[in-house]
Structures are given as C-alpha cells and as structure tokens.
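Morning, everyone. I have one structure to walk through today. Please take a look at it first.

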Amino acid sequence: MKKRIFSIIALSVAFILAVYGILSVVTLHNNAFFSPDYPEIDLTKILLKDEFADEDYKTLFYQTGLGKYAIDSIKNDDDFVEIVKSFQSNFFKKHNVECVREAITTCMEYNTTENGAYTQGFEIFQAKPGYVLIMEASHSFGWRHGHTGLVVDKNSVLEAPIIFEPTSIYGISSWTYYPNFIMLRLKDATDEQLALIAKDAKDDLLGITYSPLAGVFNKKQGNAPKTVQCAYLVWYSFYKQGINIDKNGDSIVTVQNIKNSDMFEVVQIYGYNPSLFM
C-alpha cells in the first residue's frame, strides 16, 4: 500500500513538473529576445561630431546597445565609426530563439540559425576584469531567474552555474549564444580597483560549491563563504571591498537585485529594450 501511495505521489509530482515546464516555455519564450521595433538609422552624422550631447548618447544606445562609457572609451580610435556601426548591425540582426530543457525544472534559450544550429548573436564589447555579466535566458517553473558572473580577464568569467557543483572559470564567448545580455561596470571605479575585485574573487571563490541557500543565514560574514549561488558570488566579490551592491538588504541576493542596482552603469546590452535602462 505504501509503495502504491509513493508511486502515485511521484507520478503526480512528475506531472506537475511537466505542466509547469510546458507553461514556462509557452509563456516566457516570447520574452527571451527584444528585437528593435524602431528603424535602424545612419549614424555617420552623429559619430563624426567632436562632442556628443545627451541625446546623441541616447540615440547611440538605442541603435547599438553601447552605453556612454563604452562610446567614450573608443571615440578617439581611428576606426571608431566602423566599430560602432558593427555593433549597430549586430543589435538589429534578427535571430531565431530556441528554448532547450537543461534539467527537469530548468529551460535555457539560445540564438539559433534558421536550421536550428546554435549561433553567436553578437560581439561583447571590450570586457575587463571586474565587469559584471547578466543574462535572463534561463527560467524554472515560469520564473525567469537568469544568471550572472564576474569577468576575471577579457576572455574569462567566474561563474556558479550548476547547483551543488563547484564554481569555475568559463570562456566569455559562451555568453554570446544567449538571446539577451547585459554588461555592467561599477560607477566611477578605476580599472585597477575593478581588477583587484576580480583577483580577490578568483582567489576566494573559485571552487566553492553552489547552494541555492547561500547567504540566507550568514550573508554579511567577513570571511570567504563556504557556498555561493551566482548572484551571491558577484555580490560577495564587491562586498569584500566594502561595496554593497544589494541595496534592498534581503538575505538572498538575486540577479534582479544586481541588474537593478544604481551602483552600476551599463556598458552594453543586447536583446533588451533600451528603454528599460533610460
């Protein structure tokens, strides 16, 4: 009798998970990628200006996904116009988005070609140590929780992507397969300060086990944590340097907390509506 009851419960749970999974795909798939619903324009006249007004920066952001910091960092380069127009082309490029079940409860979306092959959707703009990456291409039970990581060098990101597995360093190019992307930079920080944050994070947090409850009971501990989740990893990296990027003070820091923090400026977005950041 007990075995029968257990079997019924197990089947019921499996059915509920399947239904939630199907609903999450149906309801969230269309939200995975924003394709500009406004025209692509010729930026030459703006790009040849000696100085940019606020409205110019806004236009460039809407056309390329590059924030003011990114534009200013390359505006004196000889190939400035060509670089910006290349990012504009990627920003307006159309992609198919395929939702793939990565686990029983979790789905992930990827850019794909018309033939269904995974493809890189864009180019990442000059990532530096200490920059924060965010994507919202993953969802579970209808909740689009997303993922975040910390850039440790121009080609690598420290991440906690898999529950109960240790944190590791992954190639940054993998992020270009997701249909949405944000790169953030701590406001008014020097490259040297950000490099120190990245170095200490790599020293303290590499190989730490992923736990979804990381930070619940000891968020503000002074020593390196024994467990992390992706957002807690990024939060702690800054907190160790006396910078609290989670303003709401909740025990569990989330990807959304980091995304909405007013301590960061946008370096680059892709697959997002620019109006969300203005």
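A word on the source. This is a predicted model, where local features need pLDDT of at least 70, side-chain atom pairs count only at pLDDT 80 or more, and totals for chains, interfaces and linings use all residues. Residues are numbered from 1 along each chain as its sequence is written, and side-chain values use heavy atoms, with hydrogens and water left out.

The whole chain, then. The protein chain has eight helices and 11 strands. Both are DSSP runs, numbered from the N terminus: helices are H or I with at least four residues, strands are E with at least two. Of the 278 residues, 46% are buried. Buried means under 20% relative accessible area, exposed over 50%, partly exposed in between, with a 1.4 Å probe and protein chains only. Take contacts between residues at least 6 apart in sequence: 64% of them join residues at least 24 apart. Contact here means heavy atoms within 4.5 Å.

In what order do the three strands of the open sheet run? The order is β1-β2-β4, with antiparallel pairing. Two strands pair if DSSP finds at least two bridges between them. β1 (96-101) and β4 (138-140) are the edge strands, each pairing on one side only.

Look at β2, residues 106-112. Six bridges join β2 to β1. In that pairing, E98 partners Y110, and C99 partners E109. Three bridges join β2 to β4. There, T106 stands opposite S140.

How many of the seven residues of β2 are buried? Seven of the seven, so β2 is largely enclosed by the rest of the structure. In a regular strand, side chains alternate between the two faces of the sheet. In β2, T106, M108, Y110 and T112 point one way. C107, E109 and N111 point the other way.

Last, the cysteines. The structure holds zero disulfides; the cut-off is a pair of cysteine sulfur atoms within 2.5 Å. C99 is in no disulfide, and its nearest cysteine sulfur, that of C107, is 4.3 Å away. C230 counts as buried because its relative accessibility is 7%.
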